[in-house]
Amino acid sequence: MEDLLNLLSGLDWSPLFISLKTGVVATIISFFLGIFTAARLLHARPRTRAILDGILTLPMILPPTVAGFFLLLIFSLRRPFGSFLYDTFDIKVVQSWLGCILAATVISFPLMYRNARAAFEQVDINLIYAGRTLGMSETRIFWRVVLPAAGPGVASGTILTFARALGEYGATSMLAGNIPGKTATISQRIAMVIQDGDYSTAGIWVAIIVIISFVIIVLMNLLAGRGQHNIRTW
């Protein structure tokens, strides 16, 4: 126990703070983008929706390192767009915390989008008709009727998005690097200390991420349990 306390007292907690900050920001961005794109694609033509859905879901299917490779091609200072951002706006994505956010957002966004779209598709169309009958605008119907009705699914998607952003490793490593105190997240820290043979420190970080993941799963189960009381008495 004393050895554990000494190890905890000397632990660099910056990876936890970096991961949490990255996860929160990436989740906020994915939340609004996911809801917007899911709502817009519901009104798109089937062929257009199928193509755009494939593009938006692609980061969830591809290996994270592949997504990181594409991001690196776009935002590298040796590329036109990355060089333009740096020279014009002094924005550097590669090997920066902004790179962590971008990588985590790209990888976790499909989870938010897919869950939001599935939740919107389950909303009773009669509720929308009722809102139109009452003279509500389409925007107000969405925020006052559709979104609350799809609330549990959207909330589950938000939690999953945060969990995915929190544990992102592949794309983050390629785009943001592994700079201690700046871009080194929990996942990167675990990989680094294992390479150094420090299994005690790796075990602590693994325990921390397992606890966080367990809490996330419990929250998801609590949200999914709403409205399913009849299933338990089946």
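1. Phe69 is partly exposed, with a relative accessible area of 42%; partly exposed lies between buried, under 20%, and exposed, over 50%, with a 1.4 Å probe and protein chains only. Phe69 sits in helix 4; helices are DSSP runs of H or I, at least four residues, numbered from the N terminus.

2. This is a predicted model: local features need pLDDT of at least 70, side-chain atom pairs count only at pLDDT 80 or more, and totals for chains, interfaces and linings use all residues. Residues are numbered from 1 along each chain as its sequence is written, and side-chain values use heavy atoms, with hydrogens and water left out.

3. A nonpolar patch on the surface includes Phe69, Phe70, Leu73 and Ile74, with Phe81, Phe84 and Phe89 also among its residues. Together the patch residues have about 870 Å² of accessible area (Shrake-Rupley, 1.4 Å probe). Patch residues have over 30% relative accessible area and no salt bridge, and nonpolar side chains are joined within 5 Å. A salt bridge is a Lys or Arg side-chain nitrogen within 4 Å of an Asp or Glu carboxyl oxygen.

4. Helix 4 (64-75) and helix 5 (80-89) each give two or more residues to this patch. Helix 4 gives the largest share, four residues.

5. The whole structure has one cavity of 30 Å³ or more. A cavity is a set of 1 Å grid points where a 1.4 Å probe fits but cannot get out; lining residues have an atom within 4 Å of a point. Volume is the space filled by probe spheres set on the points.

6. Asp12, Ser14, Pro15 and Arg189 are among the lining residues. Helix 2 (14-41) and helix 11 (186-195) each give two or more. The lining divides into four nonpolar, three polar and two charged residues.

Definitions and conventions. 1 Å grid on protein atoms, 1.4 Å probe; cavity = no way out; pocket = protein on both sides within 12 Å on 5 of 7 lines; lining within 4 Å. Nonpolar A, V, L, I, M, F, W, Y, C, P; charged D, E, K, R; others polar. Patch = residues over 30% accessible without salt bridge, like charges linked within 9 Å, V, L, I, M, F, W, Y side chains within 5 Å.
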